[in-house]
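User: I am new to this one. Please tell me what each label rests on.

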Amino acid sequence: MNNTTKPGPTIKLLFVIALLLFGNWTMAQKNLKLSSPDKQLEVVIDLADNISWNVTLKGSNIIDNAVISMDMGEGRILGNAPKLRNQSMVSKNEVFIPVVANKDAKINNEYNQLTLDFKNNYQLIFRAYNDGIAYRFIDGNRKTRLVLNEEMTLFFPDGTSSFFPEEESFYSHNERDYLVKNVADMQKGAFCSLPVMFNTKTAKVLFTEASLINYPGMFLAKTMDHAMTSTFPKYVLKAIPNEAFSPDRNQIIEEEADYIAKINGKRAYPWRVFIISDDDRTFVESNLVALLSDKSKITDTSWIKPGQVAWDWYNANNVYGVDFEAGINMDTYKYFIDFASKNGIEYVILDEGWTKSTTEIMDDNENMDVPELIKYAKSKNVGIILWVLWKPLYENPEEILKLYSSWGAVGIKVDFMQRSDQYVVESYEKIAEIAAKYKMLVDYHGAFKPAGVERMWPNIINYEGVRGNENNKWTNAITPEHNVTLPFIRMAAGPLDFTPGAMINMNQLDYETGGPNYAPLFTRPMSYGTRAHQVAMYTIFEAPLQMLCESPTIYYKEQETVDFITQIPTVWDETVVLEGAVSDYIVLARRKGDNWYLGAMTDWTARDFEIDLSFLEKGNYTLQGYQDGVNASRNAQDYKIIKQDVDQNTKLKLKLSSGGGYSAIITKN
């Protein structure tokens, strides 16, 4: 006889409820894991009182702990006491085709993705790639109106250092030196713009952002001993001209809100991107920012044409040996246009000075007839790009860009944004959208780094946001060491308008006296490092709109160098980094069609490399090499052009002088 009493309906119901509660509690407490496709990277996500996670590479801690959340106001904090409803995992391996190929025409987009659905109507998505990880919040609440703050606090292992682009203010061009600092030794409150690199001794982490759309840019600030936390410019309520300092372009932020963004209902927020590797070459080859950015909104992109540009501002319109007075006038710009036309250079920029004033930008100055000049340029197969200040442009962008288009201008160079708050970030997209309507290219200067809007609007063909060659006009800070730091950090975010091509080149020290032989000159600038170092930038620095910064008069005297530079493309089918160490040296190869292009640069240390050309397909090739001359250590302008036959079995020996460089154009026979 079975005396067991069957549970009644009430007991059954209580048992089911208990199971559900226990299940929810277990789901909320357990660690969730996500690995990269090659299993080398692993993210472990902990859901307890908050959302935290850590990252390991090959079993070593890279980020010890990261705490993330978003404060949406009225007590609603995404990530606070998270209640997980469900989770899903997906793996993808597809090919991404960028409109503008900064480094690769086809990008392998392979990742594992974990999507976490939480109560309170929000999601958190993590992706793991072989070269890094990323996460983003998605808020599904239609009533959301503000973001008070977004928290991301990163804890690094003991001994972590940083290549730190330190800022003094949110009001910044984001043109920084990369200061090597131990995280523990930084002063509390020290903060930097992005991208920023951390060295944990077992691997490096580069942090930046993608899909930055209508939202403020993130900065990182030192908090505790080994911790950095996110910080943002507040929403600007009132900005006034800085009457004491160039009020046409500089502002004083007079009033800010207590929130960072205004939001209209549900939306996805920017990706927080971490490129992670124990091989420095990875940071140059990575395409994570492009892969994590939204698709193009331009249907017909055939008119977006990358190319080289003859640029006037670096050389202060200094042309000589001519029968007209040089300056911002028709004769000088026709001289630039003729130079561009003779050398197959696609564009000429009319930089500051062509307008009636810097704020009266719908009229040219008394010495210029811009529509007539553009007509002349078109007859020479050269496009004209017009420089313009951001503030007066954004006050009336539709009418201004319609006018410039009616003149025949093919693009604009927008300058002096200097802010990363929501209003200015949104302006990048709005200006690009109107420019696309008139089939005009956009080059952003006085700008933050590329962060995704250039994928949505691929007519944004370049960004500054880098301390580049123009600084040679007033400082000696643009050193070879700085130049070989940029590809691994700033360039990891996207293209950079460094403006290479300086022909007046100087060594670090005078070879006879040992004293410095460099002087910053505003109207006759010179560059640190060898001539070959400058030429190598055309292959190494990604810039679909790539400048030739020197005076055409000097270029005519250096025609052999110009003939070499103008053979180098500005977009690429494939990129392979052969050798690389942050701030020390880089050697890379890029392919365009059947031809390959080599570039090598070193810091002030002379270096030798033996390069294996096994990346070439079978067949015979002719190599044109541009290398440091035997006396480059005595005279930085000494170079030699060589020619040799090579194939995939060739071992190429490179000898780089102090501050030196090397370039090669390898053409298939």
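User: What is the order of the open sheet of six strands, and how do its strands pair?

Analyst: The order is 34-35-36-41-38-39, and the pairing is antiparallel. Strand 34 and strand 39 (639–646) are the edges: each has a single partner strand, so one side of each has no neighbour in the sheet. Neighbouring strands are turned by 15° against each other on average, direction ignored. This is a predicted model: local features need pLDDT of at least 70, side-chain atom pairs count only at pLDDT 80 or more, and totals for chains, interfaces and linings use all residues. Residues are numbered from 1 along each chain as its sequence is written, and side-chain values use heavy atoms, without hydrogens and water.

User: How do you know that strand 38 and strand 39 pair?

Analyst: Pairing takes at least two bridges found by DSSP. Strand 38 (621–628) and strand 39 have eight, in the antiparallel sense. So they count as a pair.

User: What makes residues 531–540 helix 12?

Analyst: A helix is a DSSP run of H or I with at least four residues, a strand a run of E with at least two, numbered from the N terminus. Helix 12 lies across strand 35 (585–592), strand 36 (595–602), strand 38, strand 39 and strand 41 (661–668). Contact here means heavy atoms within 4.5 Å. Helix 12 runs at about 130° to strand 36. Such angles, from 0 to 180 degrees, lie between the N-to-C directions of lines fitted to C-alpha atoms, for helices over the stretch in contact.

User: What makes strand 30 and strand 33 the edge strands of the seven-strand sheet?

Analyst: That open sheet runs 30-29-28-27-26-25-33, with parallel pairing. Strand 30 (460–463) and strand 33 (545–548) each pair on one side only. From one strand to the next, the twist averages 30°. Helix 4 (330–342) packs on this sheet, touching strand 25 (307–310), strand 26 (347–350) and strand 27 (383–389). The direction of helix 4 makes about 160° with that of strand 26. Helix 8 (422–437) packs on the sheet too, touching strand 28, strand 29 and strand 30, and makes about 155° with strand 29.

User: How do you know that strand 28 and strand 29 pair?

Analyst: Strand 28 (411–415) and strand 29 (441–444) share four bridges in the parallel sense. The bridge partner of Lys413 in strand 29 is Asp443.

User: Why is one space called a pocket and another a cavity?

Analyst: On a 1 Å grid over the protein atoms alone, a cavity is where a 1.4 Å probe fits but cannot get out; a pocket is an open set with protein on both sides within 12 Å along at least five of seven lines. Lining residues have an atom within 4 Å of a point. Points join across faces, edges and corners, and probe spheres set on them fill the volume. The largest pocket has about 470 Å³. Among its 26 lining residues, Asn130, Asp131, Thr282, Glu285 and Ser286 are closest to the centre. Strand 7 (107–118) gives the largest share of that lining, three residues.

User: Where does the largest pocket lie?

Analyst: Between domain 1 (32–278) and domain 2 (471–540 + 572–668), because both give residues to its lining. The bounds come from an automatic or database domain assignment.

User: How many cavities does the search find?

Analyst: Four, of 30 Å³ or more.
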